[in-house]
Amino acid sequence: MGANSSLLSPECSDGSTHPSKLKLSDIPESCIALVLSYLDPPKICKLARLNRSFRAASSADFIWEDKLPANYHRLVDEYLIKNPNTGKLGKYEIYSRLTRPVKFDAGNKEFWLDKRTGGMCLSISSMAMNITGIDDRRYWNFIPTNESRFRTIAYLHQIWWLKVEGDIEFHFPAGTYSLLFKLWLGRFTKTNHRLSNHVHGWDIKPVQFQLSAPDGQHVVSKCFLVKKGIWEYHHVGDFVVYDSSTPTTVKYSLTQIDCTHTKGGLSVDSVLICPRKLVEDFKALL
């Protein structure tokens, strides 16, 4: 009885604290880091707020090495993600910076890692696309609005021949990706008022979306644009990246070239490329 009860005593015979009374902060950082390495980034960041030990352990390089894309070294070098003070970034800092939008191509394109899954996402502004008639204000205007992550959208007044196309070359990590056009039937004023008048021609013939990727990957899809006054992600199709060591070129387009009628009242915001499993997450955000 005496031996067993001594295990419950807060102090050992020599006056030291018994192991059963150890605090959370007494766990070695190496053990904490090992446990954290099995968790996803949001949970790691949440536990890092528990105390100093957890916060210090959460920045261990080996935890974040597996969370980063296989080609993260190229992303760091190509997009100049570096710390001028230390000359070298830790893996946690690299991950943290890559989860924030990294702009390139004069700020008209950006990429980021999804904080929850680490998946690579890209967004391409309408200003980086080739749009038929974009230089003629009778047909198109670029309108400033805070509804867009790029603060500008392309608005179509009226046209006979609709053609919006573009391409991107990027070092995608290996995986399956989806490409989507973000569109709105209606117009934004400079004061961000939303107007649905002047929308016409989209219920007569469908628009056609296309994407092309290496290895003969080609997708064509069609749909009628019918929902007014809401942003919609229109899923064009999917493509697969097999090799992250070489850049992948993806071409995409939105057309409606039936010249029997005019069409107008369309706002084009951007093109989104994201891992296939994240498509529904983005749609849910709208």
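## Overall picture

Accessible areas here come from the Shrake-Rupley method with a 1.4 Å probe. For this protein, which is seen here as a predicted model, the accessible surface comes to about 15400 Å². Carbon and sulfur atoms account for 52% of that surface.

Let's look at the fold as a whole. The secondary structure comes to eight helices and 15 strands. Of the 286 residues in the protein, 45% are buried. Among contacts between residues at least 6 apart in sequence, 68% join residues at least 24 apart.

## Helix 7 and what covers it

Helix 7 spans residues 91–98. Its buried residues are Lys 91, Ile 94, Tyr 95, Ser 96 and Leu 98.

Is Gly 118 buried or exposed? Gly 118 counts as buried because its relative accessible area is 13%, and the cut-off for buried is under 20%. Asp 66 is 52 residues away from Gly 118 in sequence, yet the C-alpha to C-alpha distance between the two is 9.7 Å.

## Two patches on the surface

If you turn to the surface, you will find a patch of negative charge where Asp 77, Glu 78, Glu 165, Asp 167 and Glu 169 gather. Helix 6 and strand 7 (162–170) are the elements that give two or more residues to this patch. Strand 7 supplies the largest share, with three residues. Glu 165 is found in strand 7, and with 31% relative accessibility it counts as partly exposed.

There is a nonpolar patch too, made by Leu 34, Tyr 38 and Phe 62, with an area of about 380 Å².

Thr 248 lies in strand 14, which covers residues 248–256. Its relative accessible area is 6%, so Thr 248 counts as buried. Which residues does Thr 248 contact, leaving aside its neighbours within four places in sequence? They are Ile 168, Glu 169, Phe 170, Phe 172, Pro 214 and Val 241. One of these, Glu 169, is a residue you have already met in the negative patch.

## Two loop residues with positive phi

Finally, here are two backbone details to look for in the loops. Asp 105 is not a glycine, yet it has a positive phi of about 55°. Asp 105 is placed in the loop between strand 1 (102–104) and strand 2. With a relative accessible area of 40%, Asp 105 is partly exposed.

Where is Arg 151 placed? Its loop runs between strand 5 (140–144) and strand 6 (152–156). Arg 151 is not a glycine either, and its phi is positive at about 65°.

How values were computed. Residues numbered from 1 in each chain as written. Predicted model: local features only at pLDDT ≥ 70, side-chain atom pairs only at ≥ 80, totals over all residues. Heavy atoms only, no water. Buried < 20%, exposed > 50% of the residue type's maximum accessible area, 1.4 Å probe, protein only. Helix = DSSP H or I, 4+ residues; strand = E, 2+ residues; numbered from the N terminus. Patch = residues over 30% accessible without salt bridge, like charges linked within 9 Å, V, L, I, M, F, W, Y side chains within 5 Å. Salt bridge = Lys/Arg side-chain N within 4 Å of Asp/Glu carboxyl O. Lys, Arg positive; Asp, Glu negative; His and termini not counted. Charge placed at Lys NZ, Arg CZ, Asp CG, Glu CD. Contact = heavy atoms within 4.5 Å.
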